[in-house]
Amino acid sequence: MRVLRTLLQRPLTLIGIIITLIFLVMALIGPNVAPYPFDNFIRDTAGKVAKRVPPSAEFVFGTDKLGRDIYSRVLWGARDIIGLAGLATLLSVTLGTVIGLALGYRGGWVDEVVSRLFDSLLSIPAMVLALAALATLGASPGAIVAVIVLLYTPIVARVIRSAALGLRGVGYVEIARLRGESTLYILFREILPGVLPALAVEAALRFSYAIFLTASLGFLGLGVQPPSPDWGRMVYEARLDYARAPWGLWFPAGAIALLVISVNLTADGLRRVFRYEGGVI
Amino acid sequence: MTPPHPVTLAVLEARDLSVEYKIGRDWLNVLSHISLTLNADEIHGLVGESGSGKTTLGLSLMHYLDSNARIAGGQILLDGDDLASRPVSQMRPIWGSKLAYVPQNPLAALNPSYTVGEQIAEIPRQHTGMSRTHAARRAVEMLRQVKIADPDVVATRYPHQLSGGMRQRVAIAMALVTQPRLLVLDEPTTALDVTTQAVILDLFRELIHEHQAAALYVSHDLATIAQLCERVTVLYAGEVVETALVRDLYRQPLHPYTIGLLASRPSAHTAGVGHETRLPVIPGVAPSLAERSSACAFAPRCPLAIEVCRTHKPPLDITDDGRAIRCHRWQEIATGDVNPLTPQSPLPQRGEAESVNAQKSRSPLAGIVSTESDQPVVTETGGTAHVGDSAGERQTVLHASALTKAFRDSGLFARLTRRARAVHAVDSVSLHVNRMSTLGLVGESGSGKTTLARLIVGLESSDSGGLELMGIDIPQPLDGRPASALSQLRMVIQNPNEALNPYQTVGYGIGRAIHKAMPALKPYEVRDRTLWLLDSVRLPASLAGRLPSELSGGEKQRVAIARAFAAQPALIVLDEPTSSLDVSVQAVILNLLKDLRAQRGASYLLISHDLDVVSYLSEWMIVMYLGQMVEEGTSAHVTGFPSHPYTEALVSAIPSANPDAPRRLIRLEGDVPSARDLPTGCRFHTRCPRYLGDICRTHEPPLQDAGDGHTIRCHIPVEELVRLQTP
């Protein structure tokens, strides 16, 4: 409760949380409230395809070069990008936490080996690795999630490991060992609550990066495949048509930016509440 | 102690000084109406427990305040010039030149990236425009003054290359380099070992006299103040409750708080403490900033409080002999009509020496000490202590034989280069603990006492040696120990903030410990037991639902003790259980430990650097130095004589709360050698004041029997030790 109250006291954090929530609602009910299906070629009264209609009362965000309603496509697209990024974040945070806790608490040569392995994985630029992996696996939603999990699990694990490492020798953990508690109990009941602040911040941060990565992959043509509306791909396609229909670029790009910024503001707010100074990768 | 100077010169005078802190939207009073006079060539002690405002007062006198603090009224006169009205910008030339500060932790105050010589030289260059070379010479000169050997070399060292005692000397050199008028010393020896502290205190006394400066010595420790200061002010809840000459205050404290504070301290100098004695304690806790009222601040905890105390704040009365007391009933206390320590019935005598001393000075302290009755009076517990330690019960609980542990650098690099030298933390130490008794383990930092404790509970495994618990061999690594052995050993650690998981309620923590030791119990039985355990450490049942962050340090430590008793263990290892607590809270914990030992039939292994605490609670004592046992015997034997030269120095270094106590002055020179590079022969020979000659350097001394199991590891024959140490 105290955490929530402090969190909502900062205007910037509050704005971030509200916008993030709006996007989440959009992902849930977007397709239901969208005025048109995402692949509907709109025709005007004369039966002609209504291409490149500027934003108006009828088409709030205008239409694209194929005559599709951009507002509807942005609404439909929210589900894909937030769903994929959300699932990938959930998986990588869960996996990363378990691995990080185990490495930090156990230590020893397993820790050395796995940590160095993670380091070498992290030394490859994320985008290069993602492109290579998707080129091999083929661009399916499952592959995108798998790639993000592969990329982000080591990062989460590293953050959680260092937090757990600091708690390993702390009094109450040693007392629990003296009591004969199992390793699992110590990891999840004694240590995990202590790393939750770091975890919350890291999860929010990972989510924002995952959104950005999904959008970037879409932009490069390795995201959700057409005709599904993908924000990244929409930006790519509108880019070529920018001279004639600039609004086609503004809205999907704006949606990406707004979502990433507001999730980041939330993460920043969490960090302030928990007074947690973590590394940002 | 020298008598007060006939002509005293006030250097700094605080008049009616009040300081406020801004907390939330309100300004709260931290210090109210403080009047204090600090004279040249006089060390003025300032005593108070945590939260009393003593550090704030020390800094306020320098007009050095946090941004959320302000001086709400009063004056600070430095040689007649009011500092309180000066803006901060006009304070800068005074800080460091006329006013100097020595912090508790010199490592935090010294800049790690400059040599200590540069740091000392910077001050006169800044304040007096001294040239670089001149200032460097002056820095070396200052280091010589604080008795650092090889000052030229040390001046080129960085702070991390120096030991704690050396750093504190450097901090003092920095403070004195500009010949300040006033020195504020904020617990400057709290972080140091006793033997180092003794040397540093001597140095303070000497240097302050030499520089004719005034000094304010802020401390929670009544004993160091007794040894060092001429005058003392007792602070409670931001108010002066008593000011007096040290001798007067300790002989006849007049304020009930001072009386309680002095009485609640255990003392090794009044050795021979029996099982029956208990420490008198001050009930309750100090009011928080928001709770401070317009009545007497101490009234809620005062056994002598009457109606007027709860409605009106007592004035600060000045007596004929220059003492100041803030109490409505001090005249009655002075005449002996009432005594806060014996409101209902007389208490047991503690020891001959103290009672004679006490009666001679007609001290209210006379009351706390004892007859044979074990009826505790001013305790918040009200329990009675019985220790059934009859001959039939001399059953061994723990037996450790020849435990040895060396730490090696485990890094890959160190292993590859084979340059790793082992740290010999514990070297062949044997001990045994009897049922319902306490074994005390004394040593300074680096003596290996904590490693020994960790070996016994199983957090480390030894290189060689064996452990027997209740007559059964137990394996060293924790994972290999059977559940039955695990539940027999518990530990209470030094830092109560670390002992409890901040995310688990008190009730959950204790309940889990019960469940783990007695898995067959049903949930409601576990709950009942939890409440019963809380009750046995005198905590209300309502605490079960609280998180540790809502508890005070003393309460946390009591919860930790309750949790340790949850499994009904045979042995509890107490690793410095009271060293992070205030004196009055320490008394509560020590009493509690004594009661629980009797009621629950537990045994303790008590580890402490504080000889007073160890001799209060334990019958048998082991003194360790650099991983080796140098002496063992009954507490009375070890603190008496003959004793090992190291123990002798340790006992002599402990400040006594009685300023008139006869003292043998033995000061150890130098620092404890590194456990990486142990001295040959006798490990103590590098610092031994009774160094014999080559034999000490080349041959390891034998363990000599001084009778009754009292053993001393020394080359000097026992008879000779007796002769040497007889005053």
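## The largest cavity

Among the elements around the largest cavity, α9(A) makes the top contribution to the lining, with three residues. Helices here are DSSP runs of H or I with at least four residues, strands are runs of E with at least two, and both are numbered from the N terminus. At least two lining residues come from each of α3 (70-106), α9 (231-240) and α10 (247-274) of chain A. The lining has 13 residues, and those nearest the centre of the cavity are A:Asp64, A:Lys65, A:Met234, A:Glu237 and A:Ala238. Sorted by class, six are nonpolar, one is polar and six are charged. In this scheme Ala, Val, Leu, Ile, Met, Phe, Trp, Tyr, Cys and Pro are nonpolar, Asp, Glu, Lys and Arg are charged, and the others, Gly among them, are polar.

The space in this cavity comes to about 170 Å³, and the whole structure holds 12 cavities of 30 Å³ or more. A cavity is a set of points on a 1 Å grid over the protein atoms alone where a 1.4 Å probe fits but cannot get out; a pocket is an open set with protein on both sides within 12 Å along at least five of seven lines; lining residues have an atom within 4 Å of a point. Grid points are joined across faces, edges and corners, and a volume is the space filled by probe spheres set on the points.

## About the model

This is a predicted model, in which local features need pLDDT of at least 70 and side-chain atom pairs count only at pLDDT 80 or more, while totals for chains, interfaces and linings use all residues. Residues are numbered from 1 along each chain as its sequence is written, chains are lettered from A and ligands numbered from 1 in the order in which they are written, and side-chain values use heavy atoms, leaving out hydrogens and water.

## Helices of chain A

Axes are lines fitted to C-alpha atoms, for helices over the stretch in contact, and angles run from 0 to 180 degrees between N-to-C directions. On the α3(A) side are A:Ile70, A:Val74 and A:Ile82, which meet A:Trp247, A:Gly248, A:Phe251, A:Pro252, A:Ala255 and A:Leu259 of α10(A). This contact (heavy atoms within 4.5 Å) comprises eight nonpolar residues, one polar and no charged.

Helix α3(A) has another partner in α4 (residues 108-123) of chain A, where the axes come within 8 Å and cross at roughly 135 degrees.

## A pocket and a helix pair in chain B

Two or more lining residues come from each of β6 (99-102), α4 (116-128), α5 (132-145) and α7 (164-176) of chain B, and α4(B) gives the most, with nine.

Helices α4(B) and α7(B) pack with their axes 8 Å apart, at about 20 degrees, so they count as roughly parallel. Their contact joins B:Val116, B:Gln119, B:Ile120 and B:Ile123 of α4(B) to B:Val170, B:Ala173 and B:Met174 of α7(B).

Notes: Angles under 35 degrees count as roughly parallel, over 145 as roughly antiparallel, 65 to 115 as roughly perpendicular and the rest as oblique.
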